[in-house]
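Here is a walk through a structure, taken from the whole chain down to single elements and then out to the contact between chains. Please keep the sequence and the 3D view open while reading.

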Amino acid sequence: MSEIKKSINRISNLEELTYRDTVIHRLPPVIKLLMTVIFLVTVISFGSEQVSGLFPFLLYPVLLMTVAEIPMRPLLTRLLIALPFTLFAGLSNMFFSKEAAMMLGGIIITKGMLVFVSILIKTILSVMSVLILVSTTSMNDLLYAMLYLHIPTIIVLQIMMTFRYLSVLAGEISVMYHAYILRAPREKGIKLIDMGPFLGQLIIRSFDRADRIYHAMKCRGFEGGVIFSEHKKVRTTHWLGLMIVSVVLLILRFVNLSELIGQLVIG
Amino acid sequence: MHMSDALLSVAVGTTMNVVSTGTIGYSVSRIKKYEPEENKIPMMGVMGAFIFAAQMINFTIPVTGSSGHIGGGILLAALLGPFPAVITLASVLLIQCLFFADGGLLALGCNIFNMAIIPCLIAYPILYKRILRSKLTPKRITIATILSVIVGLQLGAFGVVLETLVSGVTELPFGAFVVLMQPIHLAIGIVEGVVSAAVLCFIYRTRKDILENALGVQNTPKLHMKRVYVGILIVAIFLGGFVSWFASSKPDGLEWAIQKVTNEEELTIDSEVHNELQQIQNATALLPDYSVKSVKPIRENVSTGLSGVIGGCITLFAVTAFGTIIMLIKKRK
């Protein structure tokens with residue numbers, strides 16, 4: 001099934017991006033994770049009708065994407081997938097909130113419009129920042145960052161294994177789906193009535209697979225923990241850099257740069 | 001049902017993250033305590049991947065001609081037990097958020113609460129487990145599964161409504177939002193319930209031990225569920241009160257710079273133009289259009305609005321130029 005293969009390709013495409021070697025890629029994963037969270041918090045903390053103040057924050061994805069040499073296309077296509085729900089929620093504001101907020105060239109800009117644009121920019125910023133994090137940091141590095149932040153081993157292992165076996169199980173389900181569709185050529189998907197045995201089979205296969213994996217892990221000395229080599233050490237300069245970025249983000253949060261530039265131009 | 005960051009306030013996001021983290025922490029301690037064998041770990045990992053894979057296939061819904069896919073909360077809880085299911089679903093949600101832009105990173109707490117904690121730790125013990133406690137038969141499995149999936153989804157959808165409205169980012173009225181969300185999720189719930197029931201009945205016929213194991217293991221200590229609920233409630237009330245107070249009072253103080261320039265004027269204008277604005281509100285048009293001359297007081301506001309727009313455009317241009325320059329420099333190297 002092409003849809004399943006597409007999903008798996010999406011993940012592996014992002015993973016491939018993490019193999020590059022740029023300044024951003026070399027940063028310790030913890031720093032990148034924290035930086036993303038701080039960026040997200042500052043962006044989300046903007047009021048629902050604030051628009052112009054959000055513009056300077058676009059510098060963050062632009063800067064990181066160019067320095068880390070991340071191609072635009074794969075990230076933008078993912079952004080499109082994320083847009084529909086927020087677009088819907090944003091658009092509905094235009095109908096419910098028609099109070100005028102300001103005038104521009106004879107056209108009244110309603111509060112709903114401002115909220116809509118604000119939500120749109122926030123979506124772009126938040127989705128892009130997370131995608132940039134994932135395309136510059138490999139899953140193993142991210143998991144290492146989680147261990148560094150004292151997230152329980154069970155959870156880290158759980159994420160690691162889910163991630164590892166995604167492609168395996170997706171491959172398996174793809175084969176099963178293919179076999180089904182070949183025998184039911186006019187169907188758009190699997191019939192509701194067949195879903196029980198179809199997924200049930202896969203569950204039983206997955207259980208058996210998990211058992212085999214466990215035995216294999218046990219043979220290699222697994223005792224419930226993870227061993228990671230600390231290859232990207234966090235230095236004081238990294239923390240200092242993180243602090244500087246945070247301060248800049250905070251300044252941009254409370255000083256509306258767009259407004260200031262605009263006032264300078266208007267005089 | 002995945003919530004995104006853009007529709008969330010920091011206060012709600014933080015509160016829900018703390019609530020979900022706390023519940024996950026409790027789930028981890030439960031797993032460590034009552035299921036000390038590490039073989040649960042590969043099982044949870046593979047089942048997480050299974051849910052992912054299962055969500056990729058569409059099934060056709062009879063009569064309607066549309067298609068749907070499963071969410072999997074109750075299904076996982078029935079196969080692994082509620083606490084491992086919460087952790088498994090949380091990891092699936094994290095991967096979806098990171099790689100598929102499905103739900104935001106700050107909204108992860110909300111999503112884990114709506115789609116993992118509600119079905120696994122509320123709907124599962126209250127409905128599924130209770131119905132199946134005395135006897136495990138296909139009929140009972142079907143009823144229990146369908147009911148708990150529907151209830152879980154309804155509560156989850158209501159959670160989305162509440163979290164979005166409390167955040168106050170959109171201006172959607174409560175009633176309209178509820179009317180939009182609940183019926184859709186009722187339909188989804190019925191279909192997902194039927195599919196999950198069919199799957200579990202198949203497992204019952206072929207590998208009954210899996211279902212019995214998941215039910216039986218969790219049967220031992222009973223009282224602890226109450227502790228989870230009370231814990232969640234306390235944390236939610238405390239954080240909801242404290243964080244929202246902090247978050248709502250703090251920016252007001254710090255935003256004085258922006259407010260001073262814009263809001264003061266805006267407020268006076270609002271009252272003066274009130275009557276005329278009401279006419280616009282009544283109109284159904286999306287882009288109410290009337291000339292500037294008729295409303296004098298708005299003019300003052302035009303300058304601040306205009307400076308924002310012009311400044312914004314310049315900033316946008318500068319950002320693009322900046323990116324292009326870096327790219328050019330990098331290419332030359």
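The expected span of a helix is 1.5 Å times one less than its number of residues. Helices (DSSP H or I, at least four residues) and strands (DSSP E, at least two residues) are runs numbered from the N terminus. This is a predicted model, in which local features need pLDDT of at least 70 and side-chain atom pairs count only at pLDDT 80 or more, while totals for chains, interfaces and linings use all residues. Residues are numbered from 1 along each chain as its sequence is written, and chains are lettered from A and ligands numbered from 1 in the order in which they are written.

Chain A contains eleven helices and three strands, arranged along the sequence as α-α-α-α-α-β-β-α-α-α-β-α-α-α. With a radius of gyration of 24 Å, well over the 18 Å that the globule rule gives for 267 residues, chain A is more spread out than a compact globule. That radius is taken over C-alpha atoms, and the rule is 2.2 Å times the number of residues to the power 0.38. Along the principal axes, the C-alpha atoms of chain A fill a box of roughly 70 × 55 × 30 Å. Buried residues make up 47% of the 267 in chain A; a residue is buried if 20 or more other C-beta atoms, placed from the backbone, lie within 10 Å of its own.

Helix α9 of chain A (residues 195-219) has 25 residues and reaches 36 Å from its first C-alpha to its last, close to the 36 Å expected. Its buried residues include F198(A), L202(A), R209(A) and Y214(A). Just after α9(A), G221(A) takes a positive phi of about 90 degrees.

Strand β1 of chain A (residues 100-104) is mostly covered, with four of its five residues buried. β1(A) pairs with strand β2 (residues 107-110) of chain A in the antiparallel sense over four bridges; pairing requires at least two DSSP bridges between the strands. L104(A) has I107(A) in β2(A) as its bridge partner. Two residues lie between the strands of this hairpin, where G105(A) takes a positive phi near 55 degrees.

Between the chains, 102 residues of chain B are in contact with 103 residues of chain A, contact meaning C-beta atoms, placed from the backbone, within 7 Å. Helix α12 (residues 298-332) of chain B gives the largest share of the side that touches chain A, 21 residues.

Terms used
Contact = placed C-beta atoms within 7 Å. Buried ≥ 20, exposed ≤ 12 C-beta atoms within 10 Å, placed from the backbone.
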